[in-house]
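Hi everyone, thanks for coming.

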Amino acid sequence: MMTFEGLGLDPKLVQAIDALGFTEPTPIQEKAIPILLSGTTDLVGLAQTGTGKTAAFGLPLLQLVDSTLKHPQALIVCPTRELCMQIVNEIELFKKFVPAMRILAVYGGTSISMQIRDLKRGIHIVVATPGRLIDLIERKAINLEQISYVVLDEADEMLNMGFQEDIEFILQNTPQRESTWLFSATMPPQIRKVSKKYMNSPVEITVGKVNTANKNVDHQYYVVSAQHRYETLKRLIDFNPGIYGIIFTRTKLDAQNVAEKLTREGYDIDALHGDLTQQQRDRVMKQFREKALQLLIATDVAARGIDVKEISHVINYELPDDIEVYTHRSGRTGRAGHTGICMSIVHSREVGKIKQIERLIQVPFHKLEVPTGKDVCRKQFFTFMDKLINTDISHGDYETYMPMLEEKFADISKEEVLKRVAGMEFDRFLKYYENAEDLNIRDDRRERRPIREAGISKIGSRDAGRREYRGGNGNMRLFVNLGTKDGFYKASFLQFILDMSELPKEVLGKIDMKELNSWIEIDPKAAEKMISAIDGKKFKGRRIRMNDANSR
Ligand code: ADP
Ligand code: MG
């Protein structure tokens, strides 16, 4: 059996890992840690979610970073604030016996001045979201010049979210980078490009098949008509009384609406999405982690990488647009050796998508029938009986009240009492499901065209969902080494490049200006003219470099 010590980790780190109960390294840890400890090798680590990637990069960083120096030496970039905090929390545990090491999370949506102050206090490892990091760089609150290690965690998601330019900017502005470690669950072409462009013959480690889903998860789907989505969700929740799960929707609006509706109906649920304030998101996550909340409903972006222990179910209220996202969703359950269930509610036109996902993750799905009202009641009833029988009455002062109870119930039989207790608990289910219809689509009952999407909101369109985490269009993107530092602001820059190239402004798309560099979206037909007019020319004595942002 391979041990953490055997991988070359410092005894102080091993001691902390032992205390956490990690008995042996996971496969990605076993392969990555010895390579990363060299400090000079670039690495691309591909492994499904829940395989311990945080420790795979966190432990080597703790060993490589010198806590006697007073500047940041390692930078971990990840897509969301929740993930930043999770990574910091986990690394804090690993560094229990290296107290001098200081680690800080910086992310948007909260006071930047506090973070700037914290950064001045001698931080060694910075965990950041791309947007906030760029902000800090531009305010000169963080100096990347002395960063030796850059880790890109959940790299595919960051690129999906449109952070490509920011990532490239970060990589371009860490000149002392000794090594770059990129972790991802999937390997889309964009990532390959970034690794080619900014990494130095990276060692590529793949654990398991890329894109394969976790083996401990049972994948199930339910075919219903679109207007029964909400009803089906409720039934699935009711049919699984002990559920501790995450429900995914495509859009923030759907997450919000479904959460509100279920809350009104007495379910223990809250929503996590980008429109909430930071305090709200923190509160929701904390409650969910502490199991004070049974269900969390979230968008993909908000829940990415979140590691909550013992999630029993993931429910896809809607399938993701991008089938690769399915792996990330289902990977929230069945973690660290536990088993889990991932249920998808689909309508008949989406069955083809299930087949595609099956091929992608190479695990068969089980088509199940939505439980009937009777099934749900029966299930609830059995759960209730178990609860009743297992209720612990050993430490209550019940004896005091027994005479009163006996007197009150003197004329009522045991059967009668049981019925009443059951009635109290069950009326809601029995009434609700009394005339519940069959939600399954049978072959003889063809689905009519859905009138409303999702039965609860027609505003939560797919496009809105897409916009949430996707950038880009048909345009090509040019890189230019001019930025706000050269005295430009957007309008003057636009004027400058149009004047130089004599092109009309219609050929341009989005312009993204940073301090040192800018990115210009342009109609591919006009790109060459623009490059030849500008690349190599001088601006204030400096040579302008302009090229296709996607090539070297
Ligand atoms: P990933 O980033 O690959 O999705 P995480 O780093 O979030 O996975 O780890 C998933 C869970 O597994 C965490 O709760 C973590 O504490 C736990 N874990 C990591 N490494 C080990 C190990 N060697 N043994 C046991 N549990 C581990
Ligand atoms: Mg992770």
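A word on terms before we start: helices (H or I, at least four residues) and strands (E, at least two) are DSSP runs, numbered from the N terminus. Please keep in mind that this is a predicted model: local features need pLDDT of at least 70, side-chain atom pairs count only at pLDDT 80 or more, and totals for chains, interfaces and linings use all residues. As for conventions, residues are numbered from 1 along each chain as its sequence is written, chains are lettered from A and ligands numbered from 1 in the order in which they are written, and side-chain values use heavy atoms, with hydrogens and water left out.

Let's begin with Glu350. You'll find Glu350 in the loop that runs between strand 13 (340-346) and helix 15 (351-361). Is Glu350 buried or exposed? Its relative accessible area is 7%, so Glu350 is buried; the word means under 20% relative accessible area, with exposed over 50% and partly exposed in between (1.4 Å probe, protein chains only). Setting aside residues up to four places away in sequence, Glu350 touches Arg229, Arg250, Leu319 and Ile345, where contact means heavy atoms within 4.5 Å.

Now to the salt bridges, each being a side-chain nitrogen of Lys or Arg within 4 Å of a carboxyl oxygen of Asp or Glu. How many does a search of the whole structure find? The search gives 26 salt bridges. One of them joins Arg477 and Glu165, at 2.7 Å from N to O. Arg477 belongs to strand 15 (residues 476-480) and Glu165 to helix 8 (residues 164-172), so this pair ties together parts that are 312 residues apart in sequence. Glu165 is buried, at 8% relative accessibility.

For a local example, take Asp427 and Lys431, whose closest N and O atoms are 3.3 Å apart. Both lie in helix 18 (residues 414-433), four residues apart, about one turn of the helix. Asp427 is partly exposed at 38%, and Lys431 is exposed at 59%.

Then there is Arg542 with Asp486, a salt bridge of 2.8 Å, N to O. Arg542 sits in strand 19 (residues 542-543) and Asp486 in the loop between strand 15 and helix 20 (490-501), so parts 56 residues apart in sequence are tied together. Arg542 counts as partly exposed at 37%, while Asp486 is buried at 14%. And back to our Glu350: salt bridges with shared partners join Glu350, Arg229, Arg250 and Asp321 into one network.

Asp153 is another story. This residue lies in the loop between strand 5 (149-152) and helix 7 (155-160). Asp153 is buried yet has no salt bridge, and the nearest side chain of opposite charge, Lys53, is 6.1 Å away. Here Lys and Arg count as positive and Asp and Glu as negative, with His and the chain ends not counted.

Finally, the aromatics. Rings of Phe, Tyr and Trp (its six-membered ring) pair if their centres lie within 6.5 Å; planes under 30 degrees apart count as stacked, over 60 as edge-to-face and the rest as tilted. That rule gives 15 aromatic pairs. In one of them, Phe488 and Phe493 have ring centres 5.3 Å apart and planes at 75 degrees, so the pair is edge-to-face. Phe488 and Phe493 are both buried. Elsewhere, Phe381, Phe384, Phe426 and Phe429 form one aromatic cluster.
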